Amino acid sequence: MLKYFTSRILEAIPVFFIIVTAVFFMVRFVPGGPFDKERAVSEETLAALNSYYGLDEPLVVQYCSFLKNLARGDLGPSFKYAGWSVNEILREKALVSLELGGCALAIALVLGLGVGFAAAAFPSGKIGAALSGISLVGICLPAFVLGPVLILIFCLRLNCFNAMGWSDFPSDIVLPAFTLALFYAAWIARLSRSRAVEEKSRGYVRTAVAKGCGKGRVYFVHILRNAVEPVISYIGPAAAGLLSGSFVVETIFQIPGLGRFFISSALDNDYTMIMGCVMLYSVFIIAFNLLSDFLLAAVNPKIAKEMRK
Amino acid sequence: MKSDWILEESSSDSAFAKVWRALKADRLALASLFFIIVTASLCFAAGIVAPYDYQVQNLSLGATPPSMEHWFGTDIHGRDLLSRMLFGGRVSFAVGILATVVAVLIGTSYGMVSGMCGGKTDALMMRIVDIVYSLPFTIFVILLMMAFGRSLWLIFVAIGAVEWLTMARIVRAMTLDIKSRQFVEAAVALGESRWGIMRRHILPNVFGAVLVCAALTVPSVMLLEAFLSFLGLGVQAPLPSWGGLVKDGAEYMEDAPWMLVFPALFFSATLYALNRIGEAVSEGSGEK
Amino acid sequence: MAENFAERLKKAAVVAAAVFLCAACVSCAKRETPARKAAERGILLMGNAADPASLDPALSTGLSEFKILSGLFEGLVGADARTLRPIPAAAKSWKISSDGKKYTFYLDESAKWSDGSPVTAGDFVFAWKRVVNPKLGAEYASLMFPIKNARAINSGKLSDASLLGAKALSDYVLEVELEEPAPYFLSLLYHNVYFPVSQKNLEKFNAAQTRDSLWTRPQNMVCNGAFTLDYWSINEKVSVRKNPFYRGAKSVYLNGVDFLPISNINTEDRAFRAGQLHITDSIAPSRIDAVKRDSPATLRSDDWLGVYYYMFNTRKPPFDDSRVRRAFAMSIDRRLIIDSFLKAGQKSAHSFVPDNCDGYVLDDSRKIKYDIAAAQKLLAEAGYPGGKGFPKVRLTYNTSEQHKPIAEAVQQMWKKNLGVEVELYNLSWPAYLAARREGDFEIARSSWVGDFAAPESFLQNFESANGLNHTGFSDAKYDALLRAAALSKERAQRFENLAAAEALMLESAPIVPLYFYSRVYRISPMVENWTSNLLDYHDYKGVKLNPEAGK
């Protein structure tokens, strides 16, 4: 088992490097430098800036010094925010995104599993169809519609929460987390439901019922355990996405999280920041995929056995 | 040379039949299919069906609520919303379908080749999938658009180039599974070429799964297009797309609600229907 | 049994829904709005369109930075909150030599830095030398070029920074020598690049020659303005609090200002309505009609020294022909565009310099007219009767909710009035700037906001050597007229030269002016004494907050 995970981590290292390298060169092929401003910036100033940030060196030299800094864990200064390092910005913003993403993940799990299992519990009835139908709404409405609608209802009509911001902790998190969670909840509901429905028709369930086990017991003990499996493998990348923030939700609710940097850094040609975001995301993806493998092994001994091979 | 049962087990005919049976059993899915067919054909026939041109403006008219002349109202440029939705739907469906086709083509062939080859090639190919998978999609697409300029064509490719990953994984897993089955082993023993096996045995068997995956890819591509429109990276104005119309409508949701309601309704209904179809097929035919 | 289980689930769902509703109701209990709470504490909550990229006065380039910096720092000369006439600030008086090339400023001895030390002439000289130092890479160093040798030092031609035409004659006397007379020099002085910085403070953080230093952080920054920096978190907010060392601290009513960088204009409006802001940065045109209807008192529209225009690339056909350019410029119904998409009664622009900019007015007869028949004739003369044979051209604009509808409308007007097809091409901000700089466009959206309230701030952009002159317009007569204006002794003569230059430029029409900017925003009735002027320059010192207002 340990061997499996060590080898997975070792495999991840080249993956990580290829990503970093690809993006490093990609950003430099995008037209427009990071220092263009509305007002014309003189050639000399541009040259000074390029040399300050080392952009006047040949690409290979830039790449080497980038790797050197990376080895020390230094992602360099942000090109856009003078005086701020990428490390500092990411550290500060990651906390916000972790909080928001964590909450959203929890909501998505509770809501998704709840709806999914409830839908599966009703034997092919109308309620099951209705529930699974409702769960699909989350996939069908873009967050930039859902968010403002929720704000209009809960903030401006009912006056329950602030319409934006990130200062009033418990109340400011409710709407954005919910908006963010709904999409994932819908996927989780769908995955868990279809697996649960499938498991219900399996022989062992019928045997258990025939043996006189309570239906609820069979349902919760046997079916659920199997039905969370696809959810767990889905959660890996989903969690990475959630925790690295969401541009739309963070923009609409004015939340100082990571998600906005993923877009704005690319739009502003803030090279170092783009690299920082890409690396963070890749690390998240790799880590959460490992975590979901681990969870899968914990739930299903068969998978664990395979990993031990 | 081939015995009958091999042909039967791997005939594509049965995959279609299975899908059809699954759809017939689910009335909601059937209705969804009907809705998609009607909406899509209306949109693709927008040039004939649409009451107005999508870009002719009437600025002094401005945004007006639904009326007899303009069933869905007009937007701030005084353009007929229904016409814009029909033309926009054409763009959205085209984006969805083309990106999906790209994804299916790349994903299926990649997955099959990877699964068939096995061993080191397979491991390497899957590592590449992992790499692309760990790239943050949004940064990737934005950089691509900034580097190569903005064209509809590029949006398809960019989206298709990312969406094939899941498909490749599924197809590869199925290929590995099918490869070990008796009828393929038999075919190998009978001296069939690798290519022949892929074409005659594996492709028909993964077909159902690919179809489900494609049905689910189309709506997710359409949602992505909406996201790009939110960023202002959608199709070039004045060409509309559903995502762009929903986005514009969201800006005006309080003052001209019809600008949001109609596009959002059709957009969501389409996504819902496509999802519903995919789900019904996957449940009914046992493909995931 | 199945029923039983289903029943139980149903009940659970009902209970869950009830709990949620109760929770919602409890939190719905009358909420005191953040705006009122802040008003009670004397804190002004302001929307700011973007996060400051830097709070270093030498490096800041945007309006959202200036909004903050104007609270933190004080230049030599201030501007009257309404008329923008120069008024004493860090300098209590000044003298201008008769040739207009030498300015002597006498500093207010009571002015202090927020660490208690006095603001000296040396701090100004230090700050200005820092701006023109090529190593710093200050993007807006060009604003200092009127000062003697500033351009040469900034471009590296002159390595001795002490040759800059700014000298501290004593701790409290500053002498500035200009390259050439610049009648508008005093109004330049409240741009943030001219703000002083504390030499001691910057040297402590090693910031004299480098961009990346920690001196602009809340605990570190030493300021001489009415406020000091208290908190800065990117994308969240920048807070400034009253500076007890400010010489006029007693007459500052506010205890602080919170700047919230809300990039989404609709989010900002919702925040205002939910009582989270006192003043918004702007308002979405889509909301203006509703606000006019429901709460007109909260809507403000101030004239602003800016112009929105399209420019042609005059180096490339078909726009190398001034008849084509004029035809395009004459066939746009600006009023209709303003009424449809801007909604706040902005003034339509038929010339480049906003009317009444420091008293400057261009006669209507010299402006670009809206005359479709004449435009069609011009286009025909140029060889494209009815738009026939006109090549496909692109209108390039940067991604924004504001630019798209206007571009769409203009595209249709050109099609309808001239019969020409123009393709819209929308680019991200850096790509757009690059395309503009490299001349990779046919028509491009652009806009200009004056740095100081004088027509020169606009007209200089079309000098042949100006880096902002992306159109390729170049006319020796134009350059000569601007130079003549700079040397004019009389104001009337100066304006006449400028008007002649502008008319000359408009005749050639390298641009299509569309409308003059207005600052349109919402303001809570709690805010009193909020003044407005052409530069959107706001003096926070006089602003008062009344939490009881508008209850």
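Predicted model: local features only at pLDDT ≥ 70, side-chain atom pairs only at ≥ 80, totals over all residues.
Colleague: Is A:N269 buried or exposed, and what makes it so?

Modeller: A:N269 has 27 other C-beta atoms within 10 Å, and it is therefore buried. The phi of A:N269 is near 55°, again a positive value in a residue other than glycine. A:N269 is found in the loop between α11 and α12 (271–299) of chain A.

Colleague: Why does C:M311 count as buried?

Modeller: C:M311 has 25 C-beta neighbours inside 10 Å, and it therefore counts as buried. The residue lies in strand β11 (residues 299–312) of chain C.

Colleague: With which residues is C:M311 in contact, leaving aside its neighbours within four places in sequence?

Modeller: Two residues are in contact if their C-beta atoms, placed from the backbone, lie within 7 Å. With those neighbours left aside, C:M311 is in contact with C:A444, C:S446, C:H470, C:T471, C:P510 and C:I511.

Colleague: What makes the span of helix α3 of chain A agree with expectation?

Modeller: The expected span of a helix is 1.5 Å times one less than its number of residues. Helix α3 (residues 59–71) of chain A has 13 residues and should therefore span 18 Å; its end C-alpha atoms are 18 Å apart, which agrees. After α3(A) comes A:G73, whose phi is positive, near 80°.

Colleague: What does the secondary structure of chain A come to?

Modeller: Chain A has 13 helices and zero strands. Of its 309 residues, 52% count as buried. Along its principal axes, the C-alpha trace of chain A spans about 85 × 60 × 30 Å.

Colleague: Why are α6(B) and α8(B) called roughly antiparallel?

Modeller: Axes are lines fitted to C-alpha atoms, for helices over the stretch in contact, and angles run from 0 to 180 degrees between N-to-C directions. Angles under 35 degrees count as roughly parallel, over 145 as roughly antiparallel, 65 to 115 as roughly perpendicular and the rest as oblique. Helix α6 (residues 119–133) and helix α8 (residues 152–179) of chain B pack at an angle of about 150°, with their axes 10 Å apart. The two helices are therefore roughly antiparallel to each other.

Colleague: Which residues of α6(B) and α8(B) meet?

Modeller: B:V129, B:V132 and B:Y133 in α6(B) meet B:L165, B:A168 and B:R169 in α8(B). By class, this contact has five nonpolar, no polar and one charged residues. Here Ala, Val, Leu, Ile, Met, Phe, Trp, Tyr, Cys and Pro count as nonpolar, Asp, Glu, Lys and Arg as charged, and the others, Gly among them, as polar.

Colleague: How many residues does the contact take from chain A and from chain C?

Modeller: The contact takes 49 residues from chain A and 54 residues from chain C. On the side of chain A that touches chain C, the largest share, five residues, comes from α2(A). By class, that side has 28 nonpolar, 12 polar and nine charged residues.

Colleague: What is the value of omega for the cis peptide bond that joins C:P317 and C:P318?

Modeller: For that bond, omega is about 5°. C:P318 is placed in the loop between β11 and α10 (322–330) of chain C. The peptide bond from B:A237 to B:P238 is also cis, with omega near 0°.

Conventions: Residues numbered from 1 in each chain as written. Chains lettered and ligands numbered in written order. Helix = DSSP H or I, 4+ residues; strand = E, 2+ residues; numbered from the N terminus. Buried ≥ 20, exposed ≤ 12 C-beta atoms within 10 Å, placed from the backbone.
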